[in-house]
Amino acid sequence: MGASSPSAGTAPPSGGVVTRFAPSPTGFLHIGGARTALFNWLFARHHGGEFRLRIEDTDRARSTDEAIAAILDGMRWLQLDWDGEVVYQFSRAARHAEVAHALLDAGHAYRCYATPEELEAMRETARAEKRPMRYDGRWRDRTDHPEGQPHVIRLRAPQTGEVTIEDKVQGPVTVANAELDDMVLLRSDGTPTYMLAVVVDDHDMGVTHVIRGDDHLNNAFRQLAMIRALGWAEPVYAHIPLIHGSDGAKLSKRHGALGVDAYRDQLGLLPEALENYLLRLGWGHGDDEFISREQATGWFGLEGVGRSPSRFDMKKLESVNGQYLRAADDARLGALVAPRIESAIGRSFTAEDQQMLQRSMAELKKRAPDLNSLAGSAVFYFRSRPIPMDDAALRLLAQSPPGMLAAARAALAAIDPWSVEGLEAGVKALAETRGVKLGVLAQPLRAALTGAAQSPGLFEVMAALGRDDSLGRIDDALGIDLASARGASPANETMNAERARP
RNA sequence: GGUCCCUUCGUCUAGCGGUCUAGGACGUCGCCCUUUCACGGCGAAAACACGGGUUCGAUUCCCGUAGGGAUCACCA
């Protein structure tokens, strides 16, 4: 487990807004968690307050260090910086127990000796009668406590009346106290339950606004009962709707829900794109689609958060990503894409490669929806001869009128200087003398030079490749036995083929 | 099943009683640009779940119905 932090950290600031993101480290930082974190971050920053991070690792069996690392990594990637030290909930178990015992001493809690079998029996009858399972309070008023027997500590919750939460997103939500039972605060092994831990930690950390998924809305009523018994300040609640999959059900692995690391590595997204997409999912500011972090910080408010769950749309995310990709700095893109290409071609980049890559970005980024596609579209520059041909390229070569490529090769060999203008003039002249459209010449050339059917402008490609490599690649293509090449080629391994889809 | 929540184009949303013959974006389709694919430009199809109220007037307010969702542990 990670570093311990027995105290909840810095003292609660006076008056300011304090939000928190409190994931349990039982898996990666998923998309819903990322959005919750983003909303909390934005709300805190908007109000000039604090945004804290707490790892809820009280479930010892399911919490892992890998998950903690993944969550922190994801937060950093999304640039959701938190204030103060990370609070590890497990390390605060003693404080949680202390509060539970204070509640016990004050008569707001009691010891319950019901056995697991008794509880299971209660569950059975509840099921049979189609009622929700509720602890029947059999130890609530008993004083004949068996000495030394295992027991839990339960909250003595109000049984009549009702509670209303003025939720900032959901509005006022009222539930009858009769619907709630006496929840367990301290387990029989003395460890705190989640219900106890959140309340105590939120209080000790000075959290003023609890912004979380609305799967916690029901919990809020029970937590409020505890807060009131303790006489602590009640936080403002805002329960945001969950993100659903395309079928409308809560997003899960079944929908290919991935950790944010996968959005970065496998899907090749830019963090600002994911952030923008997540922000617009369930929140809006007029017709604005592209919102910078500065604008978001200035505009964000709980009033803008929708009350109905929204569906995750990969297509739109990709589109947003494409927009950010086109706007991104070429040097930055080159740096992000380089490792992907290096692993594809199996060698490290030289300084020259770096420059070539960076120069190619301006054109390539216009047609790439993500970093993987971008890498895939740039990789042909760095392949060593003979370069692999994909099926579409082979088809282009096969369909090209006989002699066309050879004629083009001859014309190109005579071109001087080897520049975009010179190349364009030469090839266009040849097309004219041959009486064919430019495309008839350009397509087989494109295939020969790039191994693909799509690429940036042909003349730019040739200019970048240089005379020797360009001519060499054409010679290689001329030598391909097209009759047997198709299908037998091991070469249609584009990076896109390796790209994982959610 | 109990409780709670939700319901505008396929999707994300704008709309906060009259400006709505309902706006934007993604996706889809068509056209233009063009050496390919994109990018870009132009255009099209596409929604207020249903039924009652309230009101001079409902997409906007209220109530039902239907549909969807969340939650019902000594998990978090």
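Local features need pLDDT of at least 70, and side-chain atom pairs count only at pLDDT 80 or more, while totals for chains, interfaces and linings use all residues. Residues are numbered from 1 along each chain as its sequence is written.

One open sheet has 3 strands in the order β1-β2-β3, paired in parallel. Strands are DSSP runs (E, at least two residues), as are helices (H or I, at least four), numbered from the N terminus; two strands pair if DSSP finds at least two bridges between them. β1 (18-21) and β3 (87-88) are the edge strands, each pairing on one side only. Between β1 and β2 (residues 50-55) there are 4 bridges, and Val-18 lies opposite Glu-50 of β2. Helix α2 (residues 65-77) packs on this sheet and touches β1, β2 and β3, a contact being heavy atoms within 4.5 Å.

A further open sheet of 3 strands, ordered β4-β5-β8, is antiparallel. Its edges are β4 (109-112) and β8 (184-186). β5 (residues 152-155) is joined to β8 by 2 bridges, with Ile-153 opposite Leu-186.

Where pLDDT is low, the predicted coordinates should not be read in detail.

Key. Chains are lettered from A and ligands numbered from 1 in the order in which they are written. Side-chain values use heavy atoms; hydrogens and water are left out. Axes are lines fitted to C-alpha atoms, for helices over the stretch in contact, and angles run from 0 to 180 degrees between N-to-C directions.
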